[in-house]
Amino acid sequence: MLAQKPTRSTLAAAVLMASVAMPALADKASETLNVAFTKELENVDSYFNSSREGVVLQRAIWDGLIYRNPETNEYVGNLATSWEWIDDTTLEFKLREGVTFHNGEAFNADDVVFTVNFVANEENGVKTQRNVNWMKSAEKIDDYTVRIHLKEKFPAAIEFLSGPVSMYPNEYYAEAGPSGMGLKPVGTGPYKVTEVVPGQHFVLEANGNYHDSPKGQPEIATIDIRTIPDVNTQMAELFSGSLDLIWQVPADQANKLAQMGQFTVANESTMRVGYLQMDAAGRSGEDNPFTNKLVRQAVNHAINRQELVDALLQGSSKVVYTPCFPSQFGCVQDVTEYDYDPEKAKALLAEAGYPDGFSIDFYAYRDRQYAEAITSYLNAVGITTNFNMLQYSALREKNMNGEVALSFQTWGSYSINDASAMVSQFFKHGALDSTRDDEVLEWLNVADSSTAPDTRVEYYTKALQKITGEAFWAPMFTYNTNYVFKDEVAYTPTSDEVLRFVDMSWK
Amino acid sequence: MTDVMDPLAAEIHGPSPRQLLKARALSHKGLIFGMVVVLLLVLVAILAPVLAPHDPYAQSLMTRMVPPVFMGGSWEHPLGTDHLGRDYLSRLIYGARVSLMIGAIAALISGVIGTAMGVAAGYFGGKVDAVVTFLINVRLAMPVVLVALAVVAILGGSLTVVICVLGLLLWDRFAVVMRASTLQISRRDYVAAAQVIGASTPRILLTEIMPNVFNNLIVIVTLEMAHAILLEAALSFLGLGVQPPTPSWGLMVSEGKNMMLFEPWLVLIPGAVLFVLVLAINLMGDGLRDVTAPEGRS
């Protein structure tokens, strides 16, 4: 009976799909790979969007000076052939010769100088300032030598130069600007853009003159990316053959698709951590229950993290107790862990002076299903929640104003493999800090600025142990993402949540 | 009753209007069907705690999306479980409470507003009529769904907000129909007679006008109730209506939507129940109109 259930429903789905099947447009024979994006991209220009889809296109259309191998995490030259630190705030690059942009413009030091000076200038309004505001300026030494000056010491410079900072053609960009670049992007990357219809689709074609880059050579001739917001529609098109690859597929649907046996379903973990943020500092009201440590501990004990991971998130998700992703440097796991114990949670609430529980506004901005499951655990121990689902920007603003007592939050650390990207983001008395603990701030300041790894680990450990011991947050789980593609597509996803078209090929 | 004993009297008077009404009602299939279904659902809603096999809020993540009995499930969960492992039948039963309550209260609020405006306009005429007609036109110019969406988005979704918003938006039809019927009735001789004998205005409105427009009122009540139930489902579907974990049929459709391809029953069951309820209320309304206004039938 159990074995029959999935077969039956999958069969029903297949029949349903067969009845609406359209002629297959995409396959190996047509040399076109059809991909779906869920969200619309505001601007293809990678400095003027902040979405995951934008990162995917950025990696295909443009190149950075440096490339980080996503498997070995080793830095190798891409548009630069070598680099060295002249002093603490100056980097010198030797550039690769003979590289041309998609429009025929030759790549040289002028392009690097122009790009860096343009994006580093805050007035030009690059969307994610954090990606570029550590650079002061660039200076041309000769045609193929360039120096980048930093504002201050910044150990992660190489990481950023291999990620979000890509090189633009100076003559074209000066003329077209961000909006022109968004409609007709020109880069040096493995794929060139032949069509941009905002909100509908992007067509990429393999760059035949791609230089000898560590990214490898593009194998698939054409890639057609369409924006399809609804997951059900995406799957229907996958069945009917008009899509070859979809990603960010929810776990339940991915399981069903895997059972059908016609598709490759790959699951990869991401750095995103899901947690409950509690107003320990009392910003939403002095008398709010979360200023009491016992209440925060009760919340931690009320949630069945393992069940959430097993039943809802599935895949390569893990239970976490730290306010950071376990693989991040400094994210020690030697912290207070709160096991699932609703009775203890009730006892703690009673001890804190809430024998009958209390009622509180609960906020969330994504994954409604997870949020509902979490509130249901809280309701079970007596914490009545008024459920509010907001847009991310709206919740962020409310949070910055200190109006949020309890919320379900997630943080992806920009895929930066260092605890500072998460802990230091939220516990250093910034606008989003719901704790404001002076000791934690002091320790994090030492850990963030020190160059000695041992000192960093020591102080992160102190901070993390206090954060978990005081139950300032209730960290719960890490996220994962599912990629589903036709069996004739060969691709191995990486753990950084970036689709790399250049790594895809037909079987 | 002595009349009935006397064969001569019976021949002269025939069946009383009440008896005629009853006979017409009983022979109207749509009305009977609608009434039975609505009554049944009202009973289910009232008896929810007794009828529901499980706690509608009890989550069990280990038994998520168990299919209903007729698709290979077990009798433990006759209609299966939802995406959080909550019993679907129990949520459906408690959802009936939400739907009927919203339908009834919203219709009541808008009924009171609309009737007061309509009757006043129809009876007094003149400037009162001009003002009311203007207000009705203003109201008709605003798309209900859009206004409801905007208001709920600003105030935040909750049961109270949804009921108030719908109650304050759906009075237009009451006002239009009540105004027209009152206009008609107030020209009748018995109203004039009441005025002549010096009856006060409230007395005329309550004892002469209201009883005679009541039939029309009932029909509009049913129509607007169905309208409110559908709007609540639509708002909840969009995430702006009743908030989880409160069971609402619209919310259940919305929650099942993502799994529609593989588990279509998650959407079909609440959708079907919603359809049956709205159909039944509409049939009941149509039936009442047919029965109470026989001259309307060709």
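How are H4(B) and H6(B) oriented to each other? H4(B) and H6(B) are roughly perpendicular to each other. The model is predicted, and the predictor assigns the complex an ipTM of 0.74 and a pTM of 0.78. For chain B the mean pLDDT is 86, with 94% of its residues at 70 or more.

**Helix H4 against helix H6, chain B**

- The axes of helix H4 (residues 29–46) of chain B and H6(B) come within 8 Å, crossing at roughly 110 degrees.
- Angles from 65 to 115 degrees count as roughly perpendicular, and H4(B) and H6(B) are therefore described in that way.
- The crossing in which H4(B) passes H6(B) is left-handed.
- From H4(B), Leu41(B), Val42(B), Val44(B) and Ala45(B) meet Ile93(B), Ala96(B), Arg97(B) and Leu100(B) of H6(B).
- By class, this contact of H4(B) with H6(B) comprises 7 nonpolar residues, no polar residues and 1 charged residue.

**Helix H6 against helix H12, chain B**

- Helix H6 (residues 88–124) of chain B also packs with helix H12 (residues 201–237) of chain B, at an angle of about 140 degrees and with the axes 8 Å apart.
- That angle makes H6(B) oblique to H12(B).
- H6(B) passes H12(B) in a right-handed crossing.
- On the H6(B) side, the contact residues include Ser99(B), Ile102(B), Gly103(B), Ser110(B), Gly111(B) and Tyr123(B).
- H12(B) contributes residues including Leu205(B), Ile209(B), Glu224(B), Met225(B) and Glu232(B).
- The contact of H6(B) with H12(B) has 13 nonpolar, 5 polar and 2 charged residues.

- Chain A has an open sheet of 4 strands in the order E4-E5-E7-E6, with antiparallel pairing.
- Its edge strands are E4 (80–87) and E6 (135–142) of chain A, each of which pairs on one side only.
- From one strand to the next, the twist averages 20 degrees.
- E4(A) pairs with strand E5 (residues 90–95) of chain A in the antiparallel sense, over 6 bridges.
- Ser82(A) stands opposite Lys94(A) in E5(A).
- Helix H3 (residues 109–120) of chain A lies across E5, E6 and strand E7 (145–150) of chain A.
- The direction of H3(A) is at about 165 degrees to E6(A).

**Contact between chains A and B**

- The contact takes 28 residues from chain A and 22 residues from chain B.
- On the side of chain B that touches chain A, 13 residues are nonpolar, 7 are polar and 2 are charged.

Terms used. Residues numbered from 1 in each chain as written. Chains lettered and ligands numbered in written order. Predicted model: local features only at pLDDT ≥ 70, side-chain atom pairs only at ≥ 80, totals over all residues. Axes fitted to C-alpha atoms, helices over the stretch in contact; angles between N-to-C directions. Helix = DSSP H or I, 4+ residues; strand = E, 2+ residues; numbered from the N terminus. Parallel < 35°, antiparallel > 145°, perpendicular 65-115°, else oblique. Left-handed = near helix turned anticlockwise from the far one by under 90°. Contact = placed C-beta atoms within 7 Å. Nonpolar A, V, L, I, M, F, W, Y, C, P; charged D, E, K, R; others polar. pLDDT = per-residue confidence, 0-100. Pairing = 2+ DSSP bridges.
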